[in-house]
Amino acid sequence: MIPSVDEIISMDEIKKFYKMTSHQNIVECIRKVLEEIRSLIIQLPEQEISHFKISQEELIQAISQKIKKKNELSLCSVINATGVVLHTNLGRALLSEEIKEALWSVASQYSTLEMNVETGKRGSRYDHVEELLCKLTGAESAIVVNNNAAAVTLVLSALAKEQKVIVSRGELVEIGGSFRIPEVMEQSGAHLVEVGATNKTHIKDYENAIDENTGALLKVHTSNYRILGFSESVSSKELVGLARKYEIPALEDVGSGVLIDLSNYGLSPEPTVQSIIEAGMDIVTFSGDKLLGGPQAGIIIGKKKYIEKIKKHPLNRAFRIDKLTLVALEATLKIYEEGENVIQRIPTLRMLIENKEILYDKAIKLKIAIQKNVTNNFYVEIEESCSQVGGGALPLEELPTYVVSIWSDSYSVNEIEEKLRNFRKPIFTRIFKQRIFFDVRTIVENDIEEIAQAMKLICKEKIRR
């Protein structure tokens, strides 16, 4: 017989949870577990219903798990063993450990968000990062909003609303989550004018489309795909020259803005933000949480006369950046400003350029840790593979890596993957050729023991096919 809610609440094992959560939450969890049990009984064959039993220990364990789960935040830290460095679904760039104290200080106390300490008067929240951005990129002025889609929308609305904006057909990108440049442009109030062909666009295509109602020329860096083969595009410098001729602004959306030339570290060449400013672009927009390695943000830099107009636009209020993102961005930019060991201090950059010797050493450690915690019916090997950059950045880049692969004669790969994903700290892997792959490129040292403990638990639970 299944006990009542009142009977369960009076149990000592349940009373201890009053220190963790409210009476209402405990009752809700008990009712949900009882509903699940009744639902299970209903689904049993008639001849088995009378034999169904659940011990008090099993019942308390199920309720305890439900209460603990309810008390946890749904947004939690995970282990990324997929090998995708900028994994959008797993939060993209990891922030530097160095900035934790600054983040907590601003989060838990009052701050100088919009206060000028020297004058005692109201200041601008953009002052915290504008000077840094200008120093690092060579721009005259800067502003930051909550993401790059917002940055592009704000720029177009402020500078070219109800006017034509000319873009190459080969640059009408989808920027993720089904958001496309034409749709962003439509929301901004600007009118899209497509020129050229998908694979080839010439400077004359832009010039032939310019008329008295042209508000801007827009270049969109194809950071999440490449057109190869018989192709040609207009350079930033060429577009700037044409814009100057007709006295209209030249805009460029870089997408995954990078401040360091990654080709020096063996990665594919990617235009730096500084090089685009040097080319003369009036406004440049890019993300803070991709190759920059900071928090999600839309960064707008460029000529002061245009930035001032953008700052005063009504949409800026809707898109403005919050204090936690600001302090995370400022602290990240400070690392760049100091210029010492930047690659190693920015986790995203460190992961991207990690050499194979370091990766192999990490793979050995992980293999040994797993082998100590699994039974003989598990096979554990180190294999060579490739990681991905992710986040719509460097789409053709394949990063040589090592993975620790596991499989079993007695256990389903899909069952193992599910159990890892539902571990106390969720572990995300990839499946390839009926093996679980742990890509060590995106695994940090502290993750190794967690993964080993997860595998130990899976073996104990004896999940059979």
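Which residues are exposed on the other side of helix H3? They are Gln24, Ile42 and Gln43, where exposed means over 50% relative accessible area, buried under 20% and partly exposed in between, with a 1.4 Å probe and protein chains only.

This is a predicted model, in which local features need pLDDT of at least 70, side-chain atom pairs count only at pLDDT 80 or more, and totals for chains, interfaces and linings use all residues. Residues are numbered from 1 along each chain as its sequence is written, and side-chain values use heavy atoms, with hydrogens and water left out.

Helices (H or I, at least four residues) and strands (E, at least two) are DSSP runs, numbered from the N terminus. Helix H3 covers residues 23–43, and its end C-alpha atoms lie 31 Å apart, in agreement with the 30 Å that its 21 residues should span at 1.5 Å a residue, the expected span being 1.5 Å times one less than the number of residues. Its buried residues are Ile26, Val27, Cys29, Ile30, Val33, Leu34, Ile37 and Ile41. Seen down the axis of H3, these buried residues fall within an arc of 165°, so they line one face of the helix; the arc is that of the directions from the helix axis to the C-beta atoms. They pack against helices H1 (5–9), H2 (12–15), H4 (46–49) and H5 (56–71), contact meaning heavy atoms within 4.5 Å.

Most residues other than glycine have a negative phi.
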